[in-house]
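Thanks for coming, everyone. Let me put the sequence and the model up on the screen, and then I'll walk you through a few places in it.

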Amino acid sequence: MKPVVLICSEDAEFYLIFGHILGEAGFGSLLAGKGEEAIRLARERELQAVILDCQPGRAAWSATCARLKGDPRSRPLPVVALIAPGAESQHLDLLKTGVDDSFVRPFAPAKLLARLQARLHGAPGRATDFLDGEELICGELEIRPASNRMRYAGHQLHLGTIEFKLLRQLITSRGTVSSRDDLIRAAWPANTDVDARTVDVHISRLRKALKTVSSRKVIRTIRSAGYSLVEHD
């Protein structure tokens, strides 16, 4: 069965074109023209990813992203936004609601397809499926990079792609401070335009995810330097 991508768009022509591109790459696609429809499909269908078509003058889809990331059933689902050039405020709004990645128009479809393929071969599974393989351990944190799975204090956590990579960087460099540039290199593809504010937003989201299973402080902010992991006995 083909992996299915949900395209949230008010533009039927865009869906037809991009749905064809996805089909040629081995993906199926569904169209959601409204937020409620997107939420319903995310609950009813087995999806690989959600793409938000954030065109100027049309739905921003940030509220839909917030609902998807606020529901434990759809939280692990990667959400990718396609935004207009110069729409920095929209980008920050989407980051705050939990979007996993974004592409600024015009973009090369091959880059987005590569990102979706990477998710297909390394997407997080169900909470009961903590696979064998190489493991990184730091106190109560356990990460298996090969399967994109992690546990904290014995609890399985589902993180977005960026948050998972940030945490992996902090664990592998424990005992030192990871600068924002270090974190950008670890979590984002090369030549991606990412600023310090974007890193801070994702670190905030990572902290919130960790707090859902433990009240302990895990990530320390080192003023003017970056972030480091708090190692508990």
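**One side of a helix**

Let's start with helix 3, residues 62–70, where Thr 64, Cys 65, Leu 68 and Lys 69 are buried. These residues sit on the same side of helix 3, because they cover an arc of only 130 degrees around the axis. The arc here is that of the directions from the helix axis to the C-beta atoms. When I say buried, I mean under 20% relative accessible area; exposed is over 50%, and partly exposed is in between, with a 1.4 Å probe and protein chains only. Helices (H or I, at least four residues) and strands (E, at least two) are DSSP runs, numbered from the N terminus.

A word on what you are looking at: this is a predicted model, where local features need pLDDT of at least 70 and side-chain atom pairs count only at pLDDT 80 or more, while totals for chains, interfaces and linings use all residues. Residues are numbered from 1 along each chain as its sequence is written, and side-chain values use heavy atoms, with hydrogens and water left out.

Now the overall picture. The chain has eight helices and eleven strands, and 48% of its 233 residues count as buried. If you take contacts between residues at least 6 apart in sequence, 58% of them join residues at least 24 apart. Contact means heavy atoms within 4.5 Å.

**The cores**

In soluble globular proteins, nonpolar side chains tend to be buried together. What I call a nonpolar core is a set of buried Ala, Val, Leu, Ile, Met, Phe, Trp, Tyr and Cys residues joined through side-chain atoms within 4.5 Å. The largest one has 28 residues, and Leu 141, Met 150, Leu 167, Leu 210, Ile 219 and Leu 229 have the most contacts inside it. Among the elements that give two or more residues to this core are strand 7 (141–144), helix 7 (180–187), helix 8 (196–211) and strand 11 (226–229). Which helix gives the most to this core? That is helix 6, with six residues. Apart from this core lies another, of 24 residues, including Val 4, Ile 39, Leu 47 and Trp 61.

Setting aside neighbours within four places in sequence, Leu 210 is in contact with Leu 141, Met 150, Tyr 152, Leu 157, Val 218 and Ile 219.

Is Glu 163 buried or exposed? With a relative accessible area of 4%, Glu 163 is buried. The side chain of Glu 163 makes a polar contact with the side chain of Arg 205, at 3.3 Å. A polar contact is a pair of N or O atoms within 3.5 Å; within protein, one must be able to donate a hydrogen and the other to accept it, and residues adjacent in sequence count only if both atoms are side-chain atoms. Not counting residues up to four places away in sequence, Glu 163 touches Asp 100, His 202, Arg 205 and Leu 206.

Gln 169 is buried too, with a relative accessible area of 18%. With the residues up to four places away left out again, Gln 169 touches Ser 178, Asp 182, Leu 183 and Ala 186.

**The aromatic pair**

How many aromatic pairs does the structure hold? One. The partners are Phe 14 and Phe 18, and the pair is stacked because the ring centres are 5.6 Å apart and the planes are at 10 degrees. Rings of Phe, Tyr and Trp (its six-membered ring) pair if their centres lie within 6.5 Å; planes under 30 degrees apart count as stacked, over 60 as edge-to-face and the rest as tilted.

Phe 14 and Phe 18 are four residues apart in helix 1 (residues 12–24), so about one helical turn separates them. Both are buried. Arg 105 lies over the face of Phe 14, at 5.5 Å from the ring centre; the rule is NZ of Lys or CZ of Arg within 6 Å of the ring centre and within 35 degrees of the ring normal. As for Phe 18, this residue touches Ile 7, Ile 51, Phe 107, Pro 109 and Leu 112, not counting residues up to four places away in sequence.

**One last stop**

Please find Ser 224, in the loop between strand 10 (219–222) and strand 11. Ser 224 has a positive phi of about 65 degrees although it is not a glycine, and with a relative accessible area of 77% Ser 224 is exposed.
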